[in-house]
Amino acid sequence: MKEIYKLFRSYIVLLLFICIGSTAGAQTLKLGDGVQVIHFNAGWNSAADVEWVSELENCKVKKCDIASDTKAQNKYEIVVVPTIIVFKDGEEVKRFQADISFSMKATLEDVQEVVDDSNMDSF
């Protein structure tokens, strides 16, 4: 029961942070042409970083800390961390979000498949 309470409390804190949000955070995230994968997380959730995201091939990979880049958090509607979004030419192709335990269930292979499919659309 304690674990459920802790998870619930974490979600409430995250929701409050999203709703109240600081507008002081400067938007640093810029999208460009081609296939890009953005890994959204927060410093307070670094234990759940998706380490394998840097192993993705044939795409640009960026990380965004929503605690310091609140404009990106709002713009891309990040409601749970970690979240991985695949973009092609600035448009969202696919979103992978953590489950209730803030754990990413998507695998390197899942995301790489979307990246590969997005690259093949160019031909």
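1. In strand E4, phenylalanine 96 is the bridge partner of isoleucine 84, and glutamine 97 is that of threonine 83. These pairs belong to the antiparallel pairing of E3 (residues 83–88) with E4, which runs over 6 bridges; two strands count as paired where DSSP finds at least two bridges between them, and strands are DSSP runs of E with at least two residues, numbered from the N terminus.

2. This is a predicted model, in which local features need pLDDT of at least 70 and side-chain atom pairs count only at pLDDT 80 or more, while totals for chains, interfaces and linings use all residues. Residues are numbered from 1 along each chain as its sequence is written, and side-chain values use heavy atoms, with hydrogens and water left out.

3. E3 and E4 form a hairpin with 2 residues between them, and aspartate 89 in the turn has a positive phi of about 50°.

4. The open sheet has 4 strands in the order E2-E1-E3-E4, and its pairing is mixed. Strands E2 (60–65) and E4 (91–97) stand at the edges with a single partner strand each, so one side of each is left without a neighbour in the sheet. Neighbouring strands are turned by 20° against each other on average, direction ignored, with axes taken as lines fitted to C-alpha atoms and angles running from 0 to 180 degrees between N-to-C directions.

5. Glutamate 113 lies in helix H3 (residues 108–120), a helix being a DSSP run of H or I with at least four residues.
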